[in-house]
Amino acid sequence: MLFTYNQLKKFLDTNLTPDEIANKLTMLGLEIEEVKDMKAPLADFIVGEIVECAAHPDSDHLHLLKVNIGSEVLNVVCGAPNARKGLKGILARPGNIIPLDGTKLKKGMVRGYESCGMMCSEKELGLGENHDGIIELPGDVKAGDSAVFALSKIYNLDVVYDGNVLPNHPDYLGVLGIARDLAAGGFGKLLMPEVKEIKGSFKSLITVENNATKDAHEFNTRYIKNVKNSESSKWVKDYLSSVEMNSISALVDITNYCLHNLNRPLHVFDADKIKGKLVVDYAKGGEEFVALDGNTYILNAGDIVIKDDNGIQSLAGVMGGLATSCTMETKNVLLESAYFNPVVIRKTAKQLKIESDSKARFERGIDPCCTIWGMEYATQMILDICGGEASEICKTGKCEFKEYSIDFPVAYFAKRVGFDIPKADMITILSNLGCKVKDNTEIITVTPPSYRQDIEGKADITEELVRVYGFEKLPAISVEASGDEKVVDAKIVHKTKLPRVLASRGLIEVYTWSFMSDKKELDTRDSIRIVNPITNDLNVMRKSIIPNLLDGIKTNLSRSIMTSNLFEVGPTFYGDKPTEQNTTVAGVRQGLSGVKDWANNAKLPDFYDVKNDVLAVLSTFGVNPSSVKFSTENIPSWLNPYKSAVVVFANKVVGYVGEIHPLTLKKFGIKNTSVVAFEINLDLMPDVKSKGTAKKKLVISDFLPISRDFAVIIDENVPCGNILNAVKASNKEYIKDAVIFDIYKGEKLEVGKKSVAVHIIIEQRDKTLTEDEINVIFNGAIASVEKIGGKLRDK
Amino acid sequence: MIDKNEILAKIGNARTTSELETLNVEVMGKSGVLTLALRELGKMTPDERKVKGAELNQIKMEIVSAMDAKKSELELLEINANLESDKIDISLNKAESGKGYVHPLTQVREELLQIFGSLGFRLVSANDPDIEDDFHNFTALNVPPFHPARSMQDTFFLDGGNLLRTQTSSVQIREMERTGVPVKVITMGRVYRSDWDATHTPMFHQIEGLYVDKNINMSHLKGCLIDFLKAFFEVDDIPTQFRPSYFPFTEPSAEMDIRCTIQNGELKIGANGNRWLEILGCGMVHPNVLKSVGVDPDEYQGFAFGMGIERLTMLKYGISDMRGCFGSDTRWLSHYGFEADDVPNIITGLSKK
């Protein structure tokens, strides 16, 4: 809401400065986002009087001026056609910032002559569009006077505020409402505009039928004949332009003036363009309507319209029609002042995507009891400015507003806010806001005015009191922990720790959108579509985080970032209903693990790196690696089936790990590199167990462990994990660990076979084992591998 | 006869430990000159043996001692020579394999958890869905259909009629439905608004706090938030201002500003700042919200607040450009991110300075 200081003072007798007004309003609830003082940029300019004016010898349009500024006379070269001796105008001196373009004026030479300033045009000073000549000030200003003083005589040098009107304060959409709140806050005296009843001298010549009184509660019209429409006065034009409204013609400008100052939308029809009677009714749906903005709208059933014999002439409360609009030729006018159901107006405007100042006010709820008052005010303005003769008011419908009262216990305020204000002050504040207040000792009964229907209950009254009394008086009381709260419960304690676990493994955390493109889904079944996506490539909810991470790699590669080790912990979705989502972690590794340098440390990531990531994730949740199964069954198609696994825990698939399928990379535009990835559904991880904190006792044998190696030739499809499991299971008591230290496939072996070398560690618990005892253990291990198809290579 | 001086001279001239070892064999090996000479003693008379033996033993001691001394000397030279030949270039660095980082939003979320945890707020652990129904996102929060407040936030809708939550306040409803009152919780999560420009992203994060009990009033709200801001920005004196505002689900509603100066993206908080900066929205829970979850607003009352986590992060860590926040550019992420061991801890000071 734009409004000006001078205009506000028409409704408020106050001594506050423009800046004080801005602060007080912000603290009352109308946040002033910008204050633009039109005087400010003119502060350094002064009045200069041309005391000599000679033609420049080398130019056919330049003048050589001597300009008196009171203290001295300056030489100025000037090209304005109206420059002449005796003219008083505004002089810009070197150092002044020209408001038009923000440049700093410098002393200069113009075709050989010194120029110590510039006589300014209206446009150069930001006061209007006139650039044909320099400003001519009236005779009663003196050389050397301040420009602000002198210009105030012919311009409205106002202060323009931009206030953010929140939905609970529709009254702020009129300057009068703003003034009323300031008065209630004790910052001035409200000057209520005087409105006289105008007795019509004849009956309106246009009959009105209201068939929509359910939503067009009141629809009042008045015929004013023999008006003379014209351009508005300079003052009105300047005012409208300062609040960024267009000046159309005197008649239209008057309605806009009332809208902006009284928060009372009005409409004027050219009465001679209306055919037959006017009917207020609901649209059937599908009708075409050409509005004042020149656009054609296809109406929906239920929109309130005003029609005549020719069709729809106005979209109620939203916008008038082009066909019956007023022009400079308008002789007879029909003035409309109505009240429409805010919900219908809002619905209509939303469906048709149409904005207007009138709609913005109706939908938020204007004063339903001011239709006649507003009409009288506007009629007077029309008669004053355009002349003419007014009819009686033709009324249809009736004001539906019913007064209601709220019992407000005085003690409720302190209970809710934490400090007390005297009852007398409460009554004063509420009365100044326009409420009727009845004092019933411990309870006050408050009847809000019709223009503050947002005051619905005790909580609203509390808000009115605390904001007007002053938020700064609110004390601060600390809130403390009782000590028995569990801040983070078992369900999420591990999830909270997870990002740091993965960061310590060299992965960088990202946060990506919860939405993505349906074209990039790994599984294109059951997409969860957004009806109104922000862009077409963010049109479905993600079912997996991996596509977003692949997109990240793609973008990084395009920026020559050749390594991307990324992870994200966040939601993934499996349905379009609340709670149909999981907390998921996903990670990708792509590119050399470090800078390729002289020490040759950098390595390309492979399956085993992300497998370790998976084990780290699971171990964060207290899962023992031996209880995790990596399976090659049902590998999803976006993974390389030969370098990937399905992660199974507690008989459930909890995620996937492996190399992204080259075809998937192609889809994402990732070239010349491979990507390994993992994704785990964290909601399938176990909760924190309520067990003791003591660790298992550590037993270290006094006897040194013994190592033995052997190699077997085995079918290449037998997983090495099976070999290790067999070896470990062959003697759980003594074989402490087993690792594969070499795998060989090649020409020395039969096709389809591999050689696997196993290193076992035999623990000597309480004595030194004899060679025979060791051999029994060792041979047992070999036998276990032979049982699954291994053949001992050589001992 | 043994020429002691010749042997000692040879020892002195030995250039390497292996030369010295050869010499040792020549003198004291199985058939070394000294060994042979000592062997001769057995053939001598006792008197001769006594004299010659003493003489030879003296020679042997001198030779052994000279050998040992020379050996130590040569060994030292050789070790030093070896070390020198293996000299490295200390100006080189060995590349570390890529470092990991947690995202600044994670860091700040943990900071928020530390602070509100210390004030006794519990983190909501489930039932905080991103996809919401109209009831939890609007109606229960006192925003009936066609209420003007619905257009304050542009909402994303899904095919089936549900929507992406526009604020974490929906969790207030779910948590009170689940646990009833009293309730003292925070929730942090993603929220979605159809808005994308220099200062808005279609998805961002909010922290929401809710404290409802029998006697929790607006002064507690103010006290709680001042304490929070002091802890979060790690300043003792933080000038704040409460300003009336509007949220459908609170009444009275307020916005909180802090006095500060922002220069080159760096926030300086203090009474001599040049502006008030809006930092969060809050208010007393609207009676209609309590009624919508079956709580009697005449018996219970309390406050709620909400803030944008991105905004807090930018202000605290001087991040003026959040374009990288939802991207994957590792240059942005490793510059503004935090190392794994940089865990916020309210006891030792929230952030590493």
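This is a predicted model: local features need pLDDT of at least 70, side-chain atom pairs count only at pLDDT 80 or more; totals for chains, interfaces and linings use all residues.

Q: OK. How many residues of chain B are in contact with chain A?
A: On the chain B side, 104 residues, in contact with 93 residues of chain A.

Q: And what area is buried between chain B and chain A?
A: About 7,900 Å². Carbon and sulfur atoms give 60% of that.

Q: Which residues in chain B lose the most area to chain A?
A: F146(B), R190(B) and P244(B). Together they make up 9% of what the chain B side buries.

Q: What does R190(B) form with E568(A)?
A: A salt bridge, with the closest N and O atoms 2.7 Å apart.

Q: How many salt bridges are there between chain B and chain A?
A: The count is five.

Q: Switching topic. How is chain B divided?
A: Into domain 1, residues 4–85, and domain 2, residues 104–336. Their C-alpha centres lie 90 Å apart.

Q: Where does A81(B) lie?
A: In helix 4 of chain B, which covers residues 46–85. The C-alpha atom of A81(B) is 42 Å from that of E40(B), and the two residues are 41 apart along the chain.

Q: Now the backbone. Which residues does a cis peptide bond join in chain B?
A: One such bond joins V181(B) and P182(B), with omega about -5°. P182(B) sits in the loop between helix 7 (170–179) and strand 4 (183–192). Another joins E251(B) and P252(B), also with omega about -5°. P252(B) is in strand 7, residues 250–263.

Q: Why point those out?
A: Because most peptide bonds are trans.

Q: What about phi in K353(A)?
A: Phi is positive there, about 50°, although K353(A) is not a glycine. The residue is in the loop between helix 7 (342–352) and helix 8 (357–364) of chain A. K353(A) is exposed, at 74% relative accessible area.

Q: And phi of N672(A)?
A: Near 60°, a positive value in a residue other than glycine. N672(A) lies in the loop between helix 16 (662–667) and strand 36 (675–681) of chain A. It counts as exposed at 83% relative accessibility.

Q: Last one. Which residues make the nonpolar surface patch of about 230 Å²?
A: V290(A), L292(A) and L322(A). V290(A) lies in strand 17, residues 288–290, and is partly exposed at 36% relative accessibility.

Technical notes:
Residues are numbered from 1 along each chain as its sequence is written. Chains are lettered from A and ligands numbered from 1 in the order in which they are written. Side-chain values use heavy atoms; hydrogens and water are left out. Domain bounds come from an automatic or database domain assignment. Patches are made of residues with over 30% relative accessible area and no salt bridge: like charges are joined within 9 Å, nonpolar side chains (Val, Leu, Ile, Met, Phe, Trp, Tyr) within 5 Å. Accessible areas come from the Shrake-Rupley method with a 1.4 Å probe; for residues, only the protein chains shown count as cover. A salt bridge is a side-chain nitrogen of Lys or Arg within 4 Å of a carboxyl oxygen of Asp or Glu. Helices (H or I, at least four residues) and strands (E, at least two) are DSSP runs, numbered from the N terminus. Buried means under 20% relative accessible area, exposed over 50%, partly exposed in between (1.4 Å probe, protein chains only). Contact means heavy atoms within 4.5 Å. Buried area is the accessible area (1.4 Å probe) that two parts lose on being put together, summed over both.
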